[in-house]
Amino acid sequence: MLGLLVLPGFLLLALLLQVTVVDLIRIKGVVPDLIFLLVVFYAFWRGQREGAFWGFVAGLMKDFVTGNYFGLNALSTAVAGYLVGWSETRLYKDSSLVVAALTFLATLISQLVYYLLLVYLQIKISLGLALFGVILPSAVYNALLVPLFYRKFYRLYLRGWFRMGQF
């Protein structure tokens, strides 16, 4: 029962921090994505289905708050959650370095999916600007934050705080 409140609670807290405090640590126009980090962590622990589900939920939350193109964050974060969940049984969960590399790749994929959806909607952004101005810096920034947060959340997960049962 506790798990039903903990992950949504942390997602709401991350969303609140994302729209208030995180903007203060902007580097060259790029901010870390705390919500995305939580989705990556949870998908890595629980697998594809839950990763995709919570990625979609977290993306919808971001879409509601930001007011940007509704559904794009939901789709791109769900894809990332699904792909990270695929590695659940294949990679070593105790290493922050493994999770940082996984976060880097997941951010790249999520941002590329977002970019492709924007292109599909006929929103013109140059690939070079998107790749080198947003996608790669976001991936690096998210990956650099993993060592600060992963161990703490992993301990909570091992203690059963994030367990909700299977879908």
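Modeller: Thr107 is buried, with a relative accessible area of 2%; buried means under 20% relative accessible area, exposed over 50%, and partly exposed in between, for a 1.4 Å probe and protein chains only. The model is predicted, so local features need pLDDT of at least 70 and side-chain atom pairs count only at pLDDT 80 or more, while totals for chains, interfaces and linings use all residues. Residues are numbered from 1 along each chain as its sequence is written, and side-chain values use heavy atoms, with hydrogens and water left out.

Thr107 belongs to helix H5, residues 96-120. Helices are DSSP runs of H or I with at least four residues, strands are runs of E with at least two, and both are numbered from the N terminus. Leaving aside neighbours within four places in sequence, Thr107 is in contact with Phe36, Ser138, Ala139 and Asn142; contact means heavy atoms within 4.5 Å.

Next come the aromatic rings. The structure holds 10 aromatic pairs. Rings of Phe, Tyr and Trp (its six-membered ring) pair if their centres lie within 6.5 Å; planes under 30 degrees apart count as stacked, over 60 as edge-to-face and the rest as tilted. Phe41 and Tyr150 are an edge-to-face pair, because their ring centres are 5.1 Å apart and their planes are at 70°. Phe41 lies in helix H2 (residues 34-46) and Tyr150 in helix H6 (residues 127-158), so this pair ties together parts that are 109 residues apart in sequence. Phe41 is buried, at a relative accessible area of 1%, and Tyr150 is buried too, at 0%.

Tyr150 also pairs with Trp45: the ring centres are 6.1 Å apart and the planes are at 35°, so this pair is tilted. It likewise links distant parts of the chain, with Trp45 in H2 and Tyr150 in H6, 105 residues apart. Trp45 and Tyr150 are both buried. One aromatic cluster is formed by Phe10, Phe41, Trp45, Tyr150, Phe153, Tyr154 and Tyr157.

Setting aside neighbours within four places in sequence, Phe41 is in contact with Val99, Val146, Phe149, Tyr150 and Phe153.

H6 itself is not straight: it bends by about 45° at Pro147, where the bend is the angle between axes fitted to the seven residues ending at a residue and the seven starting there. Just after H6, Gly160 takes a positive phi of about 95°.

The structure holds three salt bridges, each a side-chain nitrogen of Lys or Arg within 4 Å of a carboxyl oxygen of Asp or Glu. One joins Lys62 and Asp33 (2.5 Å, N to O). Lys62 is in H3 and Asp33 in the loop between H1 and H2, 29 residues apart; both are buried. Another joins Arg46 and Glu50, with the closest N and O atoms 3.3 Å apart, and these two are also buried.
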